[in-house]
Amino acid sequence: MTPRDASESPNGSPDNRWSDLGRPPLSTTALRRGLIREGGLWRRVDVVQRTGSTNTDLVARAAREDLAEGTVLVAEEQTAARGRLDRQWSAPPRSGLFFSVLLRPAEVPVRRWGWLPLLTGVAVATGLSRVAGVDTALKWPNDLLVTVGDEERKAGGILAERAGDDGIVVGVGVNVSLRADELPVPRAGSLALAGAVNTDRDPLLRGVLRSLEDWYGRWREAGGDPAVSGLQETYAAGSATLGRMVRAELPGDRSLVGEAVAVDGDGRLVLATGAGVQEPVGAGDIVHLRPA
């Protein structure tokens with residue numbers, strides 16, 4: 001069964017999601033036409049009107065169906081989207097890009113799969129720069145930052161979850177047209193507030209997914225080696241975390257303060273501490289303590 005185009009009501013006629021002309025619905029048909037091609041990564045693109053979490057849905061589908069790598073699930077609205085540490089967030093319908101992709105990097109050792117959220121960050125930043133004209137910086141490990149006025153604000157995030165033994169689902173959420181009075185917290189941001197020249201979600205989504213296809217292909221061909229694929233260098237160049245004093249809030253109610261000096265070959269953030277040692281951090285919340 002082919003999912004209904006998200007721009008149609010159950011009987012096939014246009015629905016009231018066109019009532020906000022500044023936030024038109026996505027077209028499943030147009031996205032499939034623009035993204036699915038012979039020999040390409042993207043095999044299936046579905047758009048749903050509303051769901052709790054595209055990541056949750058796609059992980060569940062991968063468990064019960066024989067889904068091909070390159071399946072993309074897009075939502076016009078998410079009501080229970082999750083970030084790291086199961087933090088929940090929501091946004092007005094059609095105000096952002098909310099999607100998840102299923103990847104099966106069979107050629108890459110599992111120990112290198114930790115690079116996938118960082119790879120996705122590079123791909124999203126590259127795609128948004130090309131299409132929206134907005135510079136998006138990367139806060140380790142999975143936040144997308146934009147500049148609004150003279151403030152650095154979070155405009156999106158990335159969450160990767162295992163899907164069986166050979167798959168991983170990577171979810172992306174980006175605030176696109178969110179206005180100041182719609183921000184969930186004052187420190188949040190959006191592409192529109194950062195001065196984007198284009199907030200049409202169709203070309204934005206296609207640009208991001210094409211960029212992700214390109215970076216994923218390079219990384220996979222290199223066996224997941226972040227140096228050979230150019231990923232490690234590109235991530236460092238776009239990082240908003242490197243060169244700053246940060247506090248890493250670690251599991252077990254521990255914290256570590258130091259200068260973020262590198263991202264190592266396993267995708268860990270390396271901190272130079274006051275004790276004169278360099279410590280890699282593989283998981284935790286990072287708080288920027290001073291401007292770069």
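Analyst: Two definitions come first: strands (E, at least two residues) and helices (H or I, at least four) are DSSP runs numbered from the N terminus, and two strands pair if DSSP finds at least two bridges between them. This is a predicted model, in which local features need pLDDT of at least 70 and side-chain atom pairs count only at pLDDT 80 or more, while totals for chains, interfaces and linings use all residues. Residues are numbered from 1 along each chain as its sequence is written, and side-chain values use heavy atoms, with hydrogens and water left out.

User: Which residue takes a positive phi in the hairpin of strand 11 and strand 12?

Analyst: Gly267 does, with a phi near 85°, and that hairpin has five residues between its strands. Strand 11 and strand 12 are antiparallel and share five bridges, with Val263 opposite Leu269 of strand 12.

User: And what about the hairpin of strand 10 and strand 11?

Analyst: There, three residues lie between the strands, and Gly252 in the turn has a positive phi of about 85°. Strand 10 (residues 245–250) pairs with strand 11 (residues 254–263) over six bridges in the antiparallel sense, and Val246 faces Gly258 of strand 11.

User: In what order do the strands sit in the sheet?

Analyst: The order is 13-12-11-10-14, five strands in an open sheet with antiparallel pairing. Strand 13 (278–281) and strand 14 (285–288) are at the edges with a single partner strand each, so one side of each has no neighbour in the sheet. From one strand to the next the twist averages 45°, where axes are lines fitted to C-alpha atoms and angles run from 0 to 180 degrees between N-to-C directions.

User: How many bridges join strand 12 and strand 13?

Analyst: Four, in the antiparallel sense, with strand 12 spanning residues 269–273; Leu271 has Glu279 of strand 13 as its bridge partner.

User: Changing topic, which residues of helix 1 are buried?

Analyst: In helix 1 (residues 28–35), Thr28, Leu31 and Leu35 are buried, meaning under 20% relative accessible area with a 1.4 Å probe and protein chains only.

User: Why are they on the same side of helix 1?

Analyst: Because they cover an arc of only 65° around the axis, taken from the directions from the helix axis to the C-beta atoms. Among the elements covering these buried residues are strand 1 (44–48) and helix 4 (201–221), where contact means heavy atoms within 4.5 Å.

Key
Buried means under 20% relative accessible area, exposed over 50%, partly exposed in between (1.4 Å probe, protein chains only).
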